[in-house]
Structures are given as C-alpha cells and as structure tokens.
Amino acid sequence: IPGGNVGVIYVNFPGAPTNLVPGLGIPFNPGSGTTNFVRPIVSPDGTHFALECETNSASTADDNVLLLDGALLIQEGTAAPFAPVGEIWGTIDDEYGLNNSGDLVIGNNTNGTAATTADDYVVLYNNALGTWTALAQEGGLIDPVIPSLTGGTWDDGMDTCRLTNGGVATWRSDLL
C-alpha cells in the first residue's frame, strides 16, 4: 500500500510470535499452501477484519477456524449455536460478508441431525450482541425471506454471502 501502514498480523512460521491462533493457543498450520490463510475480508470502512485459516490441530475435524477482529469466532467441529443441540460447524465456507458494524453473514454446513437433508444454513452473526440467527436452512421454507415463493424450500447450495451496512444479507442459492 503506497504511503499506507503495512504490518504482519499472523504468520504460520514455526516459533514466530504471531503464529498462535487466538482463543486456542495452538500454531497455525505450517508451510505454504492456499488453505492456510484464506481470503481475508475487511469491512468497507476498514474497522473490522475476518480471516479463515487452518490450525495445526491434531485433528482435521477441528482445524478450520474463522477469526473476527483478532478473536476466534468459529471453529470447525464445535457447537453451531443457531442449530439444534448436537449440530456442529462443518468446514468453514470462505465466501462470507462483513459490514462496518462487524456483523457477519455466512453460508455453512453443519453435521446435520437429519443426515444431509437439512445441514446447510445461511446465518447472521450480530457483533454487538454476540448472537447467531439462522436466515435460511436447507429444506426450510423460503416464505420468510421471499414471500412471493410461498411453499418453496431452500436447497443445499447457499453460498457467496454478502452483508450491507444497512444489515441486508444476500446470498446465492442454486435451487429452490
């Protein structure tokens, strides 16, 4: 950035002081690759920062995380707070939206209590309240979001989420 401030936030070099996953205290996945640090997102005004990354966890069932403003927000394999008890976060989608309030919208899988027929969600994280709200669920009715499609249901292809500063969430859905 010409004339701007440049700094290192995180690295995955063993022993480096910024090579610890916030909230977990374990290193980021070492080495090079396109999945170690994936698509950092900055809010339009530059005040909030989110980053999906891989940790050096002992298990691939919980090594994927999403950080928001330097704190752990989502960890694969942990409880999905918007879903029925027992459902856990799946691998984190790297297409999510972030606004100037630090609110985040993401389309993601869980382990799904109904096998794979209701495990895809679009969810909104309210940064001020620290709460999660499901906006859409695979197999769920579309009516609350699109009243003109009464009786229609969401399919499993919900992704590429975005969030405006006014709180309007958008996403792509392949089938209804």
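This is a predicted model: local features need pLDDT of at least 70, side-chain atom pairs count only at pLDDT 80 or more; totals for chains, interfaces and linings use all residues.
Across the pairing, Tyr121 faces Gln137 of β8.

The hairpin formed by β7 and β8 has 4 residues between its strands, and Gly130 adopts a positive phi there, near 70 degrees.

## Aromatic pairs around Phe82

Let's turn to the rings. Across the whole structure, 8 aromatic pairs turn up. One of them joins Phe82 and Trp89 in an edge-to-face arrangement, with 5.1 Å from centre to centre and 75 degrees between the planes. Phe82 has a relative accessible area of 13%, and Trp89 one of 3%. Both values fall under the 20% cut-off, so Phe82 counts as buried, and so does Trp89.

Phe82 also pairs with Tyr121, again edge-to-face. Like Phe82, Tyr121 is buried.

## Linking a loop to a strand

What does the pair of Phe82 and Tyr121 tie together? Phe82 sits in the loop between β4 (71-75) and β5 (96-98), while Tyr121 belongs to strand β7, so their contact connects parts that lie 39 residues apart in sequence.

The picture widens from there: ring pairs gather Phe82, Trp89, Tyr121, Tyr125 and Trp132 into a cluster.

Methods: Residues are numbered from 1 along each chain as its sequence is written. Side-chain values use heavy atoms; hydrogens and water are left out. Two strands pair if DSSP finds at least two bridges between them. Helices (H or I, at least four residues) and strands (E, at least two) are DSSP runs, numbered from the N terminus. Rings of Phe, Tyr and Trp (its six-membered ring) pair if their centres lie within 6.5 Å; planes under 30 degrees apart count as stacked, over 60 as edge-to-face and the rest as tilted. Buried means under 20% relative accessible area, exposed over 50%, partly exposed in between (1.4 Å probe, protein chains only).
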